[in-house]
Amino acid sequence: MIKLSQERTKELLAIHGWSGIILGLLLYAVICTGTIAVFSTEIGDWSNPLDAPATEGLPPNINALVQELGDQVDPAYRDQFFLYSSGGGRLMLQFEGHLEQDGDDDHPGAEEHYGVLYEIDPNTLTLLNRTEGPEAMLDAARRATDALADFFVDLHVRLHIPNPWGLFVTGVLGLIMMVAAITGFLVHRHLIRELFTIRRNKEALLRSRDAHVIAGTWTLPFAFVLAFTGSFFSFATSLGLPAMAMVVFGGDQERAIAEVFGEPPATDETPAPVANFDAVIADATARTGARPNFIAGSFYGRADSQMRAFTPAEEGDLTGRSPVYSGVTGEFLYDKPVLVGQSPSAGNAVAALMAPLHFGNFAGIVSKAVWFALGFAGAYVALTGMLLWTNRRADQRAWQRMGRIVHWMGYGLPLTMAMTPYGTFAGRWFGWPLETAQWTAFGLAALAALIVALGARTAARARDLLVATTGFALLGVPLVRYATGGPGWLGAWSDGLMTVIAGDLIMMLGGVICLGLWRFGAGTSAEQAGQANSRPGRSNPQVTA
């Protein structure tokens, strides 16, 4: 054991505590946003619906339209093509190629992705929008159809930090969460008893600790699964593939990609007809038992063209299938594993399980609701843990200030997420850039929450104000959605847009719950027990260690 002086021990404990709280704040943000990202598809359908709900999977009778639009595309943009759904069920047809930019002998031009993106109404098969330009422009056009869902997904996946650094941060947070789950299991020696124990007749601090332990104990397995799968997604491509290329293939990432995802077919640039998309979809449906929802292909209109149909999981399965077809004749070639390799393998089976286990979409809305509830419990564990830590040290000025920051993140983040739809709807209505409008609403809400958290007379008062404001914000979202051109309930009911009505009701229910918590003074008893009721910098001698 390393012998340390009392002063050095205090310094190390302070570093340990501060680093733990900072990481805890980030981890709370990832967990909290993840509970919302579970419903990304439903958020897209609610926030930007079509006039009628789209059919599940790729729509029928699309071959003529796809080939008509494909024939209009510059041959330079036909290296890759994709057919998939976006916000509200809109059908997106995307073509991409490589164009070399102008350069000189000393600085040759770099290759950039360029292409064309078609937005199609899947019900009427009418063209809604066409975008041509670099990859960033195509991505912006695609994101505009699913802006609100993408905002929350990016906030969860990489905290809106540029790649690959955002993935590194969330990957590290996933590892921290996994360590916390394992150590939590080891330190709770009376695990079964702690599943049901809460000392109601004891002081508020002990009751709050018991509630924290109960929620943490019940969610231990779920926390481990989320942490493991989340770390996999963060590190698999940002770190795993480059590391494998460096170690196994001497730094040759192209060889590593070929080993993991398979070699491309032999090159043959001879012009050739394009396979019938309807026939490919029909064969994939009959072969897998599920209608494809995504088609990815290469070299449209060439003899070496191939297309790959992705189908969702059949009932009782966790993963789907992805048969490969000739892009010329539509002939079935072989079944390809969904993620890695050229034949079924244990590695592909494990990798394919990551998405359904992380996003909870393997049993439709039921499993998503369960994942939301467990994620909410995980966020509660993270927040109450930080509150307990800071409140026990509330007699120190620095920890009083950190306690206010915990309140800002803990109760301000839900407020900022509730305000983001306002930016989305306003931006779409007034024609503003959607991402700018979303960040404006998010940033202003975050700034207002910070002012409340730091300026309120007591921490409990700050919590109540933030919870109440979140409640009013949620209640107002359906009104703003309707006022900015969204369908009303009668129109949504007659058109079958049940997701719109359900989304509004959920917003209103969330608002009522927040206002109920505010009205009846519900909150974390840890704050009351810790006497976190003073302004930052004011001593609090009643706190007990």
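Author: A residue counts as exposed when its relative accessible area is over 50%. This cut-off is applied below to a predicted model.

Reader: Why is N61 called exposed?

Author: The relative accessibility of N61 is 60%, and the cut-off for exposed is over 50%, so N61 counts as exposed. N61 lies in the loop between α2 (40-47) and α3 (63-71). Its phi is near 55 degrees, a positive value in a residue other than glycine.

Reader: What makes F299 partly exposed?

Author: F299 has a relative accessible area of 22%. Buried means under 20% and exposed means over 50%, with partly exposed in between; F299 therefore counts as partly exposed. The phi of F299 is positive, about 55 degrees, although F299 is not a glycine. This residue is found in the loop between β5 (294-298) and β6 (306-310).

Reader: Why is α4 called roughly perpendicular to α5?

Author: The axes of helix α4 (residues 135-145) and helix α5 (residues 147-158) cross at roughly 105 degrees and come within 5 Å. Angles of 65 to 115 degrees count as roughly perpendicular, so α4 is described in that way relative to α5.

Reader: What kind of peptide bond joins N163 and P164?

Author: The bond between N163 and P164 is cis, with omega about 0 degrees. P164 lies in the loop between α5 and α6 (165-187).

Definitions and conventions
Residues are numbered from 1 along each chain as its sequence is written. This is a predicted model: local features need pLDDT of at least 70, side-chain atom pairs count only at pLDDT 80 or more; totals for chains, interfaces and linings use all residues. Side-chain values use heavy atoms; hydrogens and water are left out. Axes are lines fitted to C-alpha atoms, for helices over the stretch in contact, and angles run from 0 to 180 degrees between N-to-C directions. Helices (H or I, at least four residues) and strands (E, at least two) are DSSP runs, numbered from the N terminus. Angles under 35 degrees count as roughly parallel, over 145 as roughly antiparallel, 65 to 115 as roughly perpendicular and the rest as oblique. Buried means under 20% relative accessible area, exposed over 50%, partly exposed in between (1.4 Å probe, protein chains only).
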